[in-house]
Amino acid sequence: MSTSSRPRGPRLFDLPHDVKKLLTIDTFKGNVSTDDFMEQISTNLVAQMKDHTGAAAFDPKPFIRTFENVLDELIQLRTRVQEQCDELENSAQIVEHQYKQDIADMHNSFKDVYRSYDNLESRIGDVGNTAIRIGEQLETIDKQRSRASESRDIIEYFMEFQEGNSERLSLLCEGGDEGQLKAAIICRRLNAVAKEVDTDVKARIGIEKFCESFEKEMLEDFDRAYTEGDPRVMAHRAKVLFEFNGGASCVQTYVNQHEFFISNKKIEEMEELRRSEDNLDLSNPNIPPPEVDTSLVKLYDDIRITVRKEANIISAVFPQPATVMQVFLQRVFAQSIQNHVELLLSRAERYSHLAYLRTLASTHAETKRLVDNLKFYCDKEAKLTDAADASGLLTSASPEEALDRCMNDLFVPYTEADRYLSREKLALNELFGRIIAEFLNYMQERKKNSARNQSVLTRTLNQISASTSGAMLYPGAEQHTSSPISTNPFDRGFDGASPTTENANLSNSNSRNGLMNDTGNLVTVDDDGFKLLSQNAIMRMLNIHAESIVRCMELSDTQDLPNSILFLYSVLLDFIGIKYLDIALDDVIEELGSKAEPDTSCFPVVSTTTKVLQLMQKHFQTAVLPLVVGSPSVHRNVLGSKNSFMAALESKANDVLRKELESITSWLKELLSLQKRNDFRPKDEDIIMMSMGTQPCVQIVDFITRIYRAACKSLQGKNLETFLFNIGQKFHLMLLDHFKKFYVTPTGGLLVTKDISKYEEVIQMFKIPALNDLYEMLRQLGNIFLVKPEILRSILSEGYLARLDPSMLYPYLEKRVDFKSAKLDRILGVVDENAATATPADSKAQRRSLFVNENTVLKEMRKNYNRDFLNQEFIAAFKN
């Protein structure tokens, strides 16, 4: 039976007092150590045992009794604790249930409160609406009462005027500021009534006279206060007049009498401007656009000072300052700015399209800055805003809107539709045509005795002359002077240097047409005197076009800017491509087809085309692309135009080089054909004369050297390498065929090797390894004409010759005059397999069919035949 369940009996021994104190709930709160607890209840027993040390043995009974009693007490304690826990749980459940019930009751109570508040709010809303309706009704009734009272007063005043009596209204006018304000309102209403009532002429006339006298008196007071500088009186009179007739007469008086519009100094400045001459630099495209006209700058500075001052006065004096400032600004633009701008533009238009466009752009930019300044003065400093107008007589825009409208009205006549772009095209045609016409005149003069391409030149010149002055086509008849060096980056050459540019003074006759007498537009590019446009001329054209783009950014609307840029770029492409480079390239192609000996004029033309295309690409990326990239359709169109332009010129430049290569090849053949039959069978005195090579060789070396130098000046990189490689390769094939045609003596072999050495030397200038290998093989081939018969075996088994089939070398060996006498075919083991059956007529042809006997030298040559070192090229060359 367990200790916890055993029956509790009477205790024979009671627990000590200190042990009973331990058997409480407080002892077991927190962390309790069992060992410490056992030690505490056993302390007295251990002490008692120490006192009875004389006992025979350890007595466990006291410990057992104590532990049993402690265990019983602990069981009872646990029972009491469990009962207390049960009671507490029951109490907590009851309290929790009561709490939930209270929460539910409170929730229902809150719902009731909410419903009460909703009802109260609804009732209050109904009361408010009722109050509003009552207020509106009261307001309506009050207005009706006021209107009735005012109507009664108006009728009384009107009846007094019928009787010819206006004393009461006059007394009201003399009743101070408040009386004058009331009189202004009554006069306005009486005037309206008099206009509606046509039957009583006497009253209407009396009212009109009184109103006129009243307005005149108020205006005189306002004028007097304005003259005396009394803003308080001005403000009161302005308020009265605004109540009387909207303040129109007051505003007009203020604006009309302003010193800015009636100053004698301003009138004198305008007269002086009419008599002055325009700045001639405006018509010179080689000089950056001059600054804004000084007279316009001075006028705008005066306007800034005046508006800044008047903005503060207007805001302090007038009840509707925005309206007054709007009238003032409109007067400034209509009277001062517009007249000045029209005068500047009409004066510039007499000189040139460029002067007109430069003046228009600079004026537009300066006016835009003025408008921004005036907006700041009106909005940030004076804060001009109109007060609410209960009478509804005034309607006005803000000063910012008025300034934008004035700016738009000022320049719309010059920029609307295609007016500006038409002017810009005329200017570009004039300036580009002035430069291009010199080249076209030169080309026309060059072809005046030939009908070739004459129609194209004539048509192009007619197109240019139609848009510019006819005097432009004959620049040599004009006088020229030097002008300063332009600081614009577009006026630099292709190599980045800043060349000296010569500009022309304007004579009275062509100044009015805007024509500049540029010199140095043409430069000679080869020894034959062929001329092209100079680097400075191309740079000037790009500079002119860049300036037109800047003007377009200033004068075109944002949404129209991409299309405008596309339009201007098409003009540049037309002049650079069709009217210049196309004609130059076509002329070169014709010349190459008509001359036996090719000249070197094609190289500068190709070089110029390449450099112009590079400049055009850079110009497109920096000046055109950023302005059209935001419009996908325009971007696609302008990119297509640019790519087509460049592809067409690149293709034509390639055609020029291809035609030049064909001409060079034909001329080399022509020079080789000058080789005499006995050049390689010379007499002793001929050797001395030909110590530097045969005559064709000397001519060919000179010709190739001249072509090489011209090509190096104009071509670069892979273009140069490919062009020179084609020349060297084709000439190599010609030489292989050339040396099959001539018999060679031992002494002539020296001339052969001398010629080949000269050819190899000139080709080595190309610095192309593949060509060096080809001509090294050719040099070794030339040695077979020079060496003695007994050495041929070693020569043919070494170097490049060892890599060739002996049958390919046979045509050269048989050209040795000692071929038969030295029995070279027997020495080399090469025989004619059909010699026994061949007839004399076809023996030469049958010698081409060879086979190799069991000769050690030729076996070695056959063995080396399969080596992969230019074998295929050599074989192809020999077969040709």
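**Cysteines and rings**

A search of the whole structure finds 0 disulfides, where a disulfide is a pair of cysteine sulfur atoms within 2.5 Å. This is a predicted model, in which local features need pLDDT of at least 70, side-chain atom pairs count only at pLDDT 80 or more, and totals for chains, interfaces and linings use all residues. Residues are numbered from 1 along each chain as its sequence is written, and side-chain values use heavy atoms, with hydrogens and water left out.

Colleague: Is C552 buried or exposed?

Modeller: Let's start with the cut-offs: buried means under 20% relative accessible area, exposed over 50%, and partly exposed in between, using a 1.4 Å probe and protein chains only. C85, with 34%, is partly exposed. The relative accessibility of C552 is 0%, so this cysteine is buried.

Colleague: How many aromatic pairs does the structure hold?

Modeller: Rings of Phe, Tyr and Trp (its six-membered ring) pair if their centres lie within 6.5 Å; planes under 30 degrees apart count as stacked, over 60 as edge-to-face and the rest as tilted. By that rule, the number of aromatic pairs is 12.

Colleague: How many residues apart in sequence are the parts that Y569 and F620 tie together?

Modeller: These two rings form a tilted pair, 5.6 Å centre to centre with 45° between the planes. Helices here are DSSP runs (H or I, at least four residues), numbered from the N terminus. Y569 lies in helix α19 (residues 561–594) and F620 in helix α20 (residues 602–628), so the parts they tie together are separated in sequence by 51 residues.

Colleague: What kind of pair do F731 and Y759 form?

Modeller: F731 is buried at 0% relative accessible area, and Y759 is buried at 1%. Their ring centres are 5.1 Å apart and their planes are at 90°, so the pair is edge-to-face.

Colleague: Which residues is E760 in contact with, leaving aside its neighbours within four places in sequence?

Modeller: E760 sits in helix α25 (residues 746–764) and is buried, with a relative accessible area of 8%. Contact means heavy atoms within 4.5 Å. Setting those neighbours aside, E760 is in contact with Y775, E776 and R779.

Colleague: Which ring does R423 lie over?

Modeller: A charge sits over a ring if NZ of Lys or CZ of Arg is within 6 Å of the ring centre and within 35 degrees of the ring normal. K815 lies over the face of Y743, at 4.3 Å from the ring centre. For R423, at 4.1 Å from the ring centre, the ring is that of Y356.

Notes:
Helix = DSSP H or I, 4+ residues; strand = E, 2+ residues; numbered from the N terminus.
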